[in-house]
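Let's walk through this structure together, one step at a time. Keep the picture open as you read.

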Amino acid sequence: MIPWFYSIEGLRKFQKQKRKQEKKIHEQRDNVNQQRMILNEKADALKISAKEVSRRVNRGDKHRATEAMMSLAFDLQNAEPVLTNYVNNLLLLRVYEIMHLEGYVDPTTLPEAMADIDYGLYSLSTEDELRDLLRQATDPLAIIGIDVK
Amino acid sequence: MARKPLWQEIEEMSPRERVNSVKQHNQNLTRFMTATSESVDKLSVIRKAIKKSEKKIIDALERDKQAEAISEILRLRVLRVDEMVELSALSLIRSNRFYNKLVLDVTRGIEANVKYDAESIQSMVPEDLNQLLSNSVEATDFYDILSNYKGKIREFVQPEGDSE
């Protein structure tokens, strides 16, 4: 099986351009760091909102607390596109870093006996499978049986 | 055209080619052993952070600060993603490490007149390489921690009217 990840054009290009690999890794690392920063900022913002919910609860204002809780859940869901991009970019960064190691052999060219190795997220057969895997866990409130839609 | 089996490639090498190949694969093996060790260290740091984040969530839930527990979820989710990606990266590094080791072992065997075939090479591939990740990736439930507190949180976010 050739995992979808290895069919990405950018990866083939990366493998051929030995001299540009370090530059590409730097660029990719910057992308990942920026997306990580956005996620950290969102997490900080969620914490502030959560404190607002706690304040409302302490004041016995349950109606507003419930509303604040719902917007907290929405904010959590809104982070999803950034998170999906972060996963893709982090996967790409790690594979670039590994490919940059001298002597790296692509899974597709390893001996036949090693054809069934499990590469985790890199083994998923399509990009849709990765999205599905992430989608399964996008709504924490749905897991506990609450529908905010 | 299909690639020649590994043992055949090695058998057909001249003594000089074989010496160079051993040298090269030894260097590669060292590189991938170092990369394995770095990846394992990274995983260990991520797992410590996951435990810390989970503890924050549990503590918040125990103190009835459900919103604060949910607000920590995004951080936990990012950490779980980091863990999944690093596990996947580790499997790539590990397969390369194993490949170099396989070439070295088979070369040594051939020099000692051991006869290899597809079956014997297959039996040299550790079963762990094929199974290690499926379970951990498939079993990833980012919010399993919440389900234990389902009742409590649900009570708090009852739809309007039900809770009053």
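Helices (H or I, at least four residues) and strands (E, at least two) are DSSP runs, numbered from the N terminus. This is a predicted model, where local features need pLDDT of at least 70, side-chain atom pairs count only at pLDDT 80 or more, and totals for chains, interfaces and linings use all residues. Residues are numbered from 1 along each chain as its sequence is written, while chains are lettered from A and ligands numbered from 1 in the order in which they are written.

Start with chain B, which has 7 helices and 0 strands. Of its 164 residues, 35% count as buried (20 or more other C-beta atoms, placed from the backbone, within 10 Å of the residue's own).

Finally, turn to chain A. Two packed helices are described by the angle between their axes and the distance between the axes. The axes of α2(A) and α4(A) come within 9 Å and cross at roughly 150°; axes are lines fitted to C-alpha atoms, for helices over the stretch in contact, and angles run from 0 to 180 degrees between N-to-C directions. The two helices are therefore roughly antiparallel to each other (angles over 145 degrees).

Key
A residue is buried if 20 or more other C-beta atoms lie within 10 Å of its own, exposed if 12 or fewer, and partly exposed in between; C-beta atoms are placed from the backbone. Angles under 35 degrees count as roughly parallel, over 145 as roughly antiparallel, 65 to 115 as roughly perpendicular and the rest as oblique.
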